[in-house]
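Here's a quick briefing on a helical region and the charged pairs around it. Have the model open as you read.

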Amino acid sequence: IPGEIFGRPGETIFAQFGQTYNYNRALTFSKTFLDWQSKFQAKIAESNERLIQAEKYLFEQNLKEQTAQIYYALLTTKAAIDLSQKDLSLADSTLLLTTKRYHQGLIDNLILNHAKINRNNALDRWEQNKQYLFEHETNLKILLGLT
């Protein structure tokens, strides 16, 4: 055989082809025409290959789905933070006006406390939305492999 095939240019490689047979006074040949075990193993290997490809495809699809969900959750959370900031600003204004009216004697303590509670609730929602934003950004960075 020319050596170029095996990476040895200019050389000749001697090889023996064929299959050895037993000689026992008479000439006996044996050849298996149907090797069911090797065919079955080949089918198993082919099925395993398809299974691995399907699992890879499923993993990629799940990764894409999770990335899209977290991305849109992040966008929604950013919008929620903007709304929470506006709510907090309105709650601060309301508390300021309510405090002035309370000092003027126009409203009672119950309404003032209610305005304080509304302001605290708005602040809690704003802080909670900021925490959600941080979590979504972190999860998205993990899924995308970013630092």
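This is a predicted model: local features need pLDDT of at least 70, side-chain atom pairs count only at pLDDT 80 or more; totals for chains, interfaces and linings use all residues.

Helix H1 runs over residues 36-104, and a search of the whole structure turns up three salt bridges.

**Helix H1 and its buried residues**
- H1 has 69 residues and spans 99 Å from its first C-alpha to its last, close to the 102 Å expected at 1.5 Å a residue.
- Among the buried residues of H1 are Ile-70, Leu-74, Ile-81, Leu-88, Leu-95 and Thr-98.
- Helix H2 (109-144) is part of what covers them.
- Just past the end of H1, Gly-105 adopts a positive phi of about 85 degrees.

**Thr-98 up close**
- Thr-98 has a relative accessible area of 9%, so it counts as buried.
- Beyond its neighbours within four places in sequence, Thr-98 touches Ile-107, Ile-111, Leu-112 and Ala-115.

**Salt bridges**
- Arg-119 pairs with Asp-92, with the closest N and O atoms 2.6 Å apart. This pair ties together distant parts of the chain, as Arg-119 sits in H2 and Asp-92 in H1, 27 residues apart.
- Arg-119 is partly exposed at 23% relative accessible area, and Asp-92 is partly exposed at 32%.
- Arg-50 bridges to Glu-46 at 3.2 Å between the closest N and O atoms; both lie in H1, four residues apart, or about one turn of the helix.
- Arg-50 is exposed at 51%, while Glu-46 is partly exposed at 46%.
- Lys-130 and Glu-127 meet at 3.5 Å, N to O, and they are about one helical turn apart because three residues separate them in H2.

Conventions. Residues are numbered from 1 along each chain as its sequence is written. Side-chain values use heavy atoms; hydrogens and water are left out. Helices (H or I, at least four residues) and strands (E, at least two) are DSSP runs, numbered from the N terminus. Buried means under 20% relative accessible area, exposed over 50%, partly exposed in between (1.4 Å probe, protein chains only). Contact means heavy atoms within 4.5 Å. The expected span of a helix is 1.5 Å times one less than its number of residues. A salt bridge is a side-chain nitrogen of Lys or Arg within 4 Å of a carboxyl oxygen of Asp or Glu.
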